[in-house]
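This briefing sets out selected features of a single structure, grouped by topic. Please read it with the sequence and the coordinates at hand.

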Amino acid sequence: MTAATHSSLFPHAPGVSQFPAPPRDADAVLDGLDPEQREVATALHGPVCVLAGAGTGKTRAITHRIAYGVRAGILQPSSVLAVTFTHRAAGEMRGRLRQLGAGGVQARTFHSAALRQLQFFWPKAVGGDMPRLLDRKVQLVGEAAARCRIKLDRSELRDATGEIEWAKVTQTVPADYPAAVLRAQREAPRDPAEIGQLYAAYEQLKRDRGVIDFEDVLLLTVGILQERQDVAEQVRRQYRHFVVDEYQDVSPLQQRLLELWLGERDSLCVVGDASQTIYSFTGATPDHLLDFRARHPQATVVKLVRDYRSTPQVVGLANGLLSQARGRAADHRLELVSQRDAGPPPTYTEYGDEPAEAEGTARRVRDLIAAGVPAGEIAVLYRINAQSEIYEQALADAGVPYQLRGAERFFERQEVREAGAALRGAARFGGNDALLDEVADLPSQVRAVLSTTGWTGEPPAGSGAVRDRWESLAALVKLAEDFAAARPGATLADLVAELDERAAAQHAPTVQGVTLASLHAAKGLEWDAVFLVGLTEGMLPITYARTEAQIEEERRLLYVGVTRARCHLSLSWALSRSPGGRPSRRVSRFLGGLRKGGGAGAAGAAGAVGGVERGEAAARGGGVEPLGPVRRRGSRTPARCRVCGATLTAAGEMKLMRCEDCPSDMDEALYGRLWDWRLDQARSLGQPAYCVFTDKTLMAIAEAVPATDGELARIAGVGARKLGRFGTDVLAICAGEDRPGAGAQE
């Protein structure tokens, strides 16, 4: 598993410094950028919006933008605040900026930046000590439920907590919650009035105990900046330039905080992709990204579409998936253009039941590892965490190492805390520890210490808590090996300091095993090989996605999964839950038409270019200014599916004007009447049935339901002769009239 950056946490540089030398000057910062990335890096004045598709190097573009501004003397490092959504992304951004010679720039999450400001200004703006920050709100929500005499099981408690978080980031007070749910077409886990009551009780409990939660950090910071002009001005004097990554995931509350940071200024660069909006259930909305030009008419808009991550085959499937999308985000989709050489085509596999799917996936994973793909570069992705157990067991049975991502934070796990304490003690008293007498190098010392906490050289059999514990300890061993390779001569104390720093930033090491993760947890990561499993109706889209907006978000979730793959991509589904079960499941509607050539083309649809739109002139129709040739394969103008837009090659598909696998809107009853009529005609004429109309032509008629001669004539396979011979009968049948008698006029 790697972040979507290919950056190494411990870059190897034998014989020299562990980090590469920074670029020699500002111009050297721009070396290696493509034309669109260079445009981002040099657009340092005024509002800038970067629409960046998956794998197009957005982090590279924005870090080089900051570094170029700093190295050119245009931006002061301490005046720049770069904001993103995860500690990992913020840490990675800081690391890249240091390597580019732009240390001193603040790169933080929204919550981290707000918390620092709140802690600093609280004594001045409010007075006294700041309330204690609540680590986990679930327990307090449970107490609030008890106070309201509302019985919640564990799952209901988690859902109710999520609803409170959604209400707060959308700036909804308890009394307004029921109306807000109705307005947002949101399906509450319980009666909205009951959730509103629970929400109010939770807020009262917090006040009684003098605690605040993470959403309060943003709300209170917003409140202080709104009420205290002197505080707002002090923040604005400190930070003059802002960069926001993953802007499509900004909530209304975060947007309000950003506006207060900015004041009347417009030195803002935002980066995002509306097609990767997958967190609307938390209050995120792509509207801020899509409305950026409306709010900032003078903005420069740069589109990044050159995909450096995935092969043309993977990119083609991703483009095809989005070509079926609807809604506002779909109207602004980016057609990616792969910059890599061709790779294997995506595979589609149907299994009889879930255990067979898990076992088949484990076998294919094992085969890839045997072929040389590192286990850490393979991922199995699913819709919900409850799907993981069967894949954990299948991989364990196949002897394949794995890690579970997106569950408990790595450094919060009990075994990791125990291991840290053991390593800390060994670092302090190692000279008197007989355990370390026989080992000299750092990795061996770590193995020796961790053997006292349960680590062994071989993993335990099976899955479950014991295996999870071993995987965590094995990750620490691997981290020690990488750390020692990057820093020859490093001591156990140095490693402990590194672990403490990572724990503070929740920067977990990479485990050299196959990653098991939900599609949400996979966001921002990439692997050489990705297995997307459980792709059935009711799972993707999930059964509770009912509105068009909810279903489209499920489509985007699959798009995120597809674009995690660099080379190998497998999609699978099972027809039943258990062996011998009724095969009643249907493959996900999102795969309709994608199994016949990859949707919009392996290298992107015709006309897909990166470019820049400058200010109001472009908004009035100036369009996109191309910045350089985008490498693509040969193009032509083939027939395309009327459902998904995929290229059609088979004669039968071209007759239907849709892929064989795409959903059919055929009138089954009409098709049956046409079939019977054709049989009568064939018998009367003494000819085979296909001489009247082929099966595909009958299907095309039943889908089109023509009402006139002209509409019937446009269907492939009809033609003037058959129109004159059979047209009257066919149109009568389509109109619902009784089936005409057999016999046709010559």
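**Overview**

The side chains of Glu36 and Arg306 are joined by a polar contact of 2.6 Å. Glu36 itself belongs to helix H2, which spans residues 35-42, and with a relative accessible area of 1% it is buried. The model is a predicted one, and its chain has 29 helices and 19 strands. Of the 746 residues in the chain, 52% are buried, and among contacts with a separation of 6 or more, 77% are between residues 24 or more positions apart.

**Packing of helices H10 and H12**

- Helix H10 (residues 214-227) packs against helix H12 (residues 252-262) at an angle of about 35°, and the two axes are 10 Å apart; the crossing in which H10 passes H12 is left-handed.
- On the H10 side the contact is made by Glu215, Leu218, Leu219, Thr221, Val222, Leu225 and Gln226, while H12 contributes Leu253, Gln254, Arg256, Leu257, Leu260 and Trp261.
- By residue class, this contact of H10 with H12 comprises eight nonpolar, three polar and two charged residues.

- When neighbours within four places in sequence are left aside, Tyr68 is in contact with Ala26, Asp27, Val29, Leu30, Ala41, Thr42 and Leu44.

**Aromatic pairs**

- The structure holds ten aromatic pairs, one of which is formed by Tyr247 and Phe292, whose ring centres are 6.3 Å apart and whose planes stand at 90°, so this pair is edge-to-face.
- Because Trp677 is in helix H26 (residues 668-685) and Phe726 in helix H29 (residues 719-734), their pair ties together parts that are 49 residues apart in sequence.
- Trp677 is buried at 1% relative accessibility, and Phe726 is likewise buried, with a relative accessible area of 2%.
- Phe85, Phe110, Phe242 and Trp261 are linked by ring pairs into a cluster, and Trp261 also takes part in the contact of H10 with H12 described above.

**Backbone geometry**

- Most residues other than glycine have a negative phi, and most peptide bonds are trans.
- The peptide bond from Leu540 to Pro541 is cis, with omega near 5°, and Pro541 is placed in the loop between strand E16 (525-532) and helix H23 (548-562).
- Arg149, a residue other than glycine, has a positive phi near 60°; Arg149 is found in the loop between helix H6 (138-147) and helix H7 (154-169), where it counts as exposed at 80% relative accessibility.
- Val705, although not a glycine, has a positive phi of about 45°; Val705 lies in the loop between helix H27 (695-704) and helix H28 (709-713), and with a relative accessible area of 35% it is partly exposed.

Methods:
Residues are numbered from 1 along each chain as its sequence is written. This is a predicted model: local features need pLDDT of at least 70, side-chain atom pairs count only at pLDDT 80 or more; totals for chains, interfaces and linings use all residues. Side-chain values use heavy atoms; hydrogens and water are left out. Axes are lines fitted to C-alpha atoms, for helices over the stretch in contact, and angles run from 0 to 180 degrees between N-to-C directions. Helices (H or I, at least four residues) and strands (E, at least two) are DSSP runs, numbered from the N terminus. A crossing is left-handed if the near helix is turned anticlockwise from the far one by less than a right angle, and right-handed if clockwise. Contact means heavy atoms within 4.5 Å. Ala, Val, Leu, Ile, Met, Phe, Trp, Tyr, Cys and Pro count as nonpolar, Asp, Glu, Lys and Arg as charged, and the others, Gly among them, as polar. Buried means under 20% relative accessible area, exposed over 50%, partly exposed in between (1.4 Å probe, protein chains only). A polar contact is a pair of N or O atoms within 3.5 Å; within protein, one must be able to donate a hydrogen and the other to accept it, and residues adjacent in sequence count only if both atoms are side-chain atoms. Rings of Phe, Tyr and Trp (its six-membered ring) pair if their centres lie within 6.5 Å; planes under 30 degrees apart count as stacked, over 60 as edge-to-face and the rest as tilted.
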